[in-house]
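Student: I am new to this structure and would like to work through it by question and answer. May we begin with the model itself?

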Amino acid sequence: MPLSGRSTLTQFLIEERRRFPDASGDFNALLLDVALCCKAIARAVAFGELGGAMGNHAPESGGSVNVQGETQKKLDVLSNDIFIRRTEWAGHLAGMASEEMDVPYQIPAQLPRGKYLLVFDPLDGSSNIDVNVTVGSIFSILRGPDTGRDVTEADFLQPGTRQVAAGYALYGPTTMLVLTVGTGVHGFTLDPNLGEFMLTHPGIQVPAETQEFAINASNSRFWEAPVKRYVDECLAGKTGPRGKDFNMRWIASMVAEAHRILMRGGVFMYPRDTKDPSKPGRLRLLYEANPIGMIMEQAGGRASTGRTAVLGVQPTALHQRIGLVFGSRNEVERIERYHAEPEAVAQHNPLFTERSLFRD
Ligand code: AHG
Ligand code: MN
Ligand code: MN
């Protein structure tokens, strides 16, 4: 343990940078600041009830609600503040955006401004906080204006293919940081003795085949036909069209589901459904779907809306929601195929079969 031979995150980033002799070092410094945010949030989360940061934010005034209409937890707000405070000072950022802020965050006038945009979900799965289940932080780095001007919402509306880095931290039995800078996906485990992220999972690859899926089945009555078909076929098991039994998981922390899928394969679905026509999906494109999408694609998996690659979607709003399916490539492609095959859907839907209402 004292001399494990593993690289630290700092060493890993410096070695990556050597391949770009002109790089200024800003990018690495920003990533190290983000890693520090994650370490600080990991500590806040780990203290639980003892830290006095459990429960809802501002309960004395009836609780606070974010732009998504969700009740904010104290730890949502604290984690958001940690991200801002630990990254705004250094001169690497042109601006930031987060789940917990209605509009983009401007780097204060007295601080230097840089060329990157940081977009984040400070605490994903925060409904799990009070029951001591794994949560995490998700982040995406984009290029922004480098003129020092204020940022606008339009600056952030870039498709996921334009991300220069993406990652997440997981606050579970161990704290991990999983990162891509466009050269594969690498996992680091926090060594609590050193306070350093150590490279423990280089070159992570999502297994292409799987027998595990994750979806919130309480929404099944709202699912579209291709999703219903896919899940029905999984549930039919060995004697069904897939010819094998499937297992199901639902943690309700997307970041934890993404990590499980990176480690052992699987498919995650929070598809577009008919529950609330004003919401085209549950998860947010810029700080949930895109960073997890880049990680999946960089690990040989796939991320899709069900119909098209998530990373190719042109965002139209900062807090835009989207249907999301990601994980083992073969399964995601199968789900996309089901969306593209109207005849197969019709066959599967009893309303369209032989003696149905919709056949003449
Ligand atoms: P957040 O805590 O950042 O608002 O995100 C929660 C998300 C995601 O992590 C999870 O997959 C999903 O919400 C769970 O939704 P359900 O409660 O509908 O299962
Ligand atoms: Mn989230
Ligand atoms: Mn969140």
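Student: Does Glu99 count as buried or exposed?

Tutor: This is a predicted model, in which local features need pLDDT of at least 70 and side-chain atom pairs count only at pLDDT 80 or more, while totals for chains, interfaces and linings use all residues. Residues are numbered from 1 along each chain as its sequence is written, chains are lettered from A and ligands numbered from 1 in the order in which they are written, and side-chain values use heavy atoms, with hydrogens and water left out. Buried means under 20% relative accessible area, exposed over 50%, and partly exposed in between (1.4 Å probe, protein chains only). Because its relative accessibility is 5%, Glu99 counts as buried.

Student: Which residues coordinate the manganese ion (ligand 3)?

Tutor: Donors are N, O and S atoms within 2.8 Å of the metal (3.2 Å for Na, K and Ca); water is not among the atoms, so sites may look incomplete. At 2.2 to 2.4 Å, the manganese ion (ligand 3) is coordinated by Glu99 (OE), Asp121 (OD) and Leu123 (O).

Student: How far apart are the manganese ion (ligand 3) and the manganese ion (ligand 2)?

Tutor: Asp121 coordinates both ions. Asp121 counts as buried, because its relative accessibility is 0%. The distance between the manganese ion (ligand 3) and the manganese ion (ligand 2) is 3.7 Å.

Student: Which residue has a side chain joined to that of Ser126 by a polar contact?

Tutor: A polar contact is a pair of N or O atoms within 3.5 Å; within protein, one must be able to donate a hydrogen and the other to accept it, and residues adjacent in sequence count only if both atoms are side-chain atoms. Ser126 counts as buried, because its relative accessibility is 14%. At 3.0 Å, the side chain of Ser126 makes such a contact with that of Asp76.
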